[in-house]
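Trainee: Hello! I am new to this structure and would like to learn how to read the places where its parts meet. Could you walk me through them?

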Amino acid sequence: MAPSHHPLIYLNNAATSWPKPPEIMEAISQSLSLPVFGSGRTTGTQGEDYITQAREELSSLLGEDNQEHIIFTHNATDSLNILISGFIAGQKQKQNCHVLTTALDHNSVLRPLHEYERMHQIKLSTLPFENGMVSPESVEAAIRDDTRLMVMTHGSNVLGSVQDISAIGDILHDHGVYFIVDGAQTTGHIPIDLRHLPVDAFVFTGHKGLFGIPGTGGFYLRDPQTITPVRFGGTGTNSISLFHPKGMPERFEAGTHNYPGLAALAAGVRFIKEKGIPSIADKAEHQTFYIIGELKKEENISIYHENPNIPIIAFNIRGLQNDDVGFMLARAYNVITRTGLHCAPLVHKTIDDGEGCVRLSLSCMTTDEECRIAADVIREIAQNANPAVNPA
Amino acid sequence: MRILRSIQHKYCADGSFMKEFLLDAPVTREFFLYLGNFGKIDQLPNLGDGFYKFDKPDWFSIKGFIGDSTVEVRFKKETLEITVDFLYLLFSSYHEGTMDLTFLKKKETLRAARVSKLLYGK
């Protein structure tokens, strides 16, 4: 059985989006066609300033006027490490630093926080979720006198549920609690306007909904003084000084940038803006609910969240292990998904006893025909596994 | 049947170690039924050309589609060093027609004792 008999259907966009629009490949190629002419690092002046372009595009997409408050990193995990470590480093009384997070969060949030808890630098509380959502009331109830920070996901990478960060942020700020939001799964999928969201830092990644390539990401930081820099080095500016610049964005960016990656990211954001986020969200909603509707026709398919806000569908087929279903989809039908725990172990502890599930995740490049085929073959597998339909 | 080479590997969410093996011939239904002498077989014979999965708890599992020249093997990480030779032996010993399993069963018993001692201390 050669899966190449079937066209590749890629439904793992919540990990890394594919295919990339042609503009992204062209931007990478163009960026590599000349030497790097980064400001302060060469006498060359030709070529494009990809860093500034990417910063302008991102600040425009996220509704942030001050583009220097957009910082580039390697990915969302890198951003979260910089922000979490930098916040904790700035705490004068670390033993009095209580931090909130949620059971919906990814290991990019959970692991840094658990490491700091193990090192006795913070006390950590993890809030549960119900029907895919962490309630603002549960956040308010968890705040203590020593609560300093909350780090949480904007959109669950397993359930596709988008959290009410506006209400949660208002509550946190009423109590003087700093708020870091992981937008890895939402940026590029739904409208985000940082001017009107009560967040102190918002993390994005380049290689998912923004159609960039792996190795790019970043964060928005409202007040640079709230995070202590934890990386230092060359910036191409003020090189006489042996100390790292304090101004933005150099304060958090050390070393040579990923020029091809940022060229791709700028092109990806331009692509998203041209298509329009509302249009992208409408298409995603239509396709996601079509697949959910089809899967619900099989009695032995369990869908873990039937009303996702971003194009993510988590399911299992009773009687089959999730990795076996992923194997069947990939080998027999060339449908690529992701199985297992999706780096979000606490979500799975709640929804499937920690066994894991199959995740389908779409992008605006996914076609209706691909959704139809994927739903059909998943139903076929379910029917084969259902003793009532297909007795042994 | 011979394993030609391992074409990819990764650590899985459940802690197991996965290797995908390229074989010198497509796997058959008879091959999986032969494996059934050493563990449990699950099958969805009407799915594609037939999905089969062999499971030998604490050792490894093997899954694949009939007619495919690759299989996915998941080793229990703790016992991999003890069991991997037996996996190769299972493949290389297989041939069409009636098989004498005496030698393989003896090997299996000896390995099972080592696996049990490693995992359970007895």
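Mentor: Gladly! Please keep in mind that this is a predicted model. Let us begin with polar contacts: across the interface of chain B and chain A, the rule finds 6 residue pairs in polar contact, both residues being at pLDDT 80 or more.

Trainee: Which elements give two or more residues to the side of chain B that touches chain A?

Mentor: Look at strand E4 (51-56), strand E5 (60-65) and strand E6 (70-75) of chain B. Sorted by class, that side of chain B has 6 nonpolar, 5 polar and 7 charged residues.

Trainee: How many salt bridges does the rule find across the interface of chain B and chain A?

Mentor: The rule finds 6 there. To see one of them, find B:Glu20 and A:Arg331: they form a salt bridge whose closest N and O atoms are 2.6 Å apart. The cut-off for such a pair is 4 Å.

Trainee: And how do I read the size of an interface?

Mentor: The size is often given as the accessible area lost when the parts come together. Here, chain B and chain A bury about 1,500 Å² between them, and carbon and sulfur atoms give 57% of that area. B:Leu44, B:Leu47 and B:Phe65 supply 34% of the area that chain B buries against chain A, more than any other three residues. Counted by contacts, 18 residues of chain B meet 17 residues of chain A.

Trainee: What area is buried between domain 1 of chain A and domain 2 of chain A?

Mentor: About 2,800 Å², with carbon and sulfur atoms giving 66%. On the domain 1 side, A:Lys20, A:Ile277 and A:Ile310 lose the most area to domain 2, together 24% of what that side buries.

Trainee: How many salt bridges and how many polar pairs does the rule find between these two domains?

Mentor: The rule finds 0 salt bridges, but 19 residue pairs in polar contact, both at pLDDT 80 or more. Helix H8 (277-295), strand E10 (312-317), helix H10 (345-351) and strand E13 (357-361) of chain A each supply at least two residues of the domain 1 side. H10(A) gives the most, with 6 residues. By class, that side divides into 22 nonpolar, 10 polar and 2 charged residues.

Key. Residues numbered from 1 in each chain as written. Chains lettered and ligands numbered in written order. Predicted model: local features only at pLDDT ≥ 70, side-chain atom pairs only at ≥ 80, totals over all residues. Heavy atoms only, no water. Contact = heavy atoms within 4.5 Å. Buried area = accessible area lost by both parts, 1.4 Å probe. Salt bridge = Lys/Arg side-chain N within 4 Å of Asp/Glu carboxyl O. Polar contact = N/O pair within 3.5 Å; in protein donor to acceptor, adjacent residues only side chain to side chain. Helix = DSSP H or I, 4+ residues; strand = E, 2+ residues; numbered from the N terminus. Nonpolar A, V, L, I, M, F, W, Y, C, P; charged D, E, K, R; others polar.
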